[in-house]
Amino acid sequence: MKENDLVLKTVTRLVMFIILTFGLYLFFAGHNNPGGGFIAGLVISSAFILMFLAYDVGKVLEALPIDFRQLMIIGALISLGTAIAPVFFGQNILYQTDWHVDLPYLGEVHLSTITLFEFGILLVVVGVVVTTILSLGGGRS
């Protein structure tokens, strides 16, 4: 065990929450401000990479029930489906639909098909980055 393992593990526990919260903020702010699925995916990927650096890769992969290769495929299918679905309703490809929904405690919430498309992009980016890092590190991806 290295001397700085305890410090790295302690800092990782604190910083993971901050990184994931910032990633979610970037995701939801993306259609009105800078951010979106790609940048949020990179930030969330950095949280996973930090976990792999602080803890044993094998133990982290056992604890996480996530197959990052499947995550890429699911994200690509979500984005592709969101892009192509409007064609079946007589609209152009990538046509955007908006809804304003009143939710209890949250008030009026703006929902859009762009959010679903960006979520697919987020999943693809997280899957690609983490799989690439695991492949370069010799770990199971």
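In these legends, contact means heavy atoms within 4.5 Å. The model shown is predicted.

View 1. The UniProt record, an unreviewed entry, places the feature "transmembrane region" at residues 12-30, 36-58, 70-89 and 109-136. Over residues 12-30 the chain is 95% helix and 0% strand, with 26 Å between the end C-alpha atoms.

View 2. Thr12 belongs to helix H1, which spans residues 5-29. Its relative accessibility is 1%, and Thr12 therefore counts as buried, the cut-off for this class being under 20%. With residues up to four places away in sequence set aside, Thr12 touches Leu50, Met51, Ala54 and Tyr55.

**View 3. The largest nonpolar core.** This core comprises 22 residues, of which Phe48, Phe52, Phe68, Leu122, Val126 and Val130 touch the most other members. At least two residues of the core are supplied by each of H1, helix H2 (37-54), helix H3 (57-63), helix H4 (68-84) and helix H5 (113-136). H2 provides the largest share, namely eight residues.

**View 4. Contacts of Val126.** Val126 is one of the core residues that touch the most other members. When its neighbours within four places in sequence are left aside, Val126 is in contact with Gly41, Ile44, Ser45, Phe48, Phe68 and Leu71. Among these partners, Phe48 and Phe68 are likewise named with Val126 in the core.

How values were computed: Residues are numbered from 1 along each chain as its sequence is written. This is a predicted model: local features need pLDDT of at least 70, side-chain atom pairs count only at pLDDT 80 or more; totals for chains, interfaces and linings use all residues. Side-chain values use heavy atoms; hydrogens and water are left out. UniProt positions are given in the numbering used here, feature names are shortened, and annotations may be inferred rather than shown by experiment. Helices (H or I, at least four residues) and strands (E, at least two) are DSSP runs, numbered from the N terminus. Buried means under 20% relative accessible area, exposed over 50%, partly exposed in between (1.4 Å probe, protein chains only). A nonpolar core is a set of buried Ala, Val, Leu, Ile, Met, Phe, Trp, Tyr and Cys residues joined through side-chain atoms within 4.5 Å.
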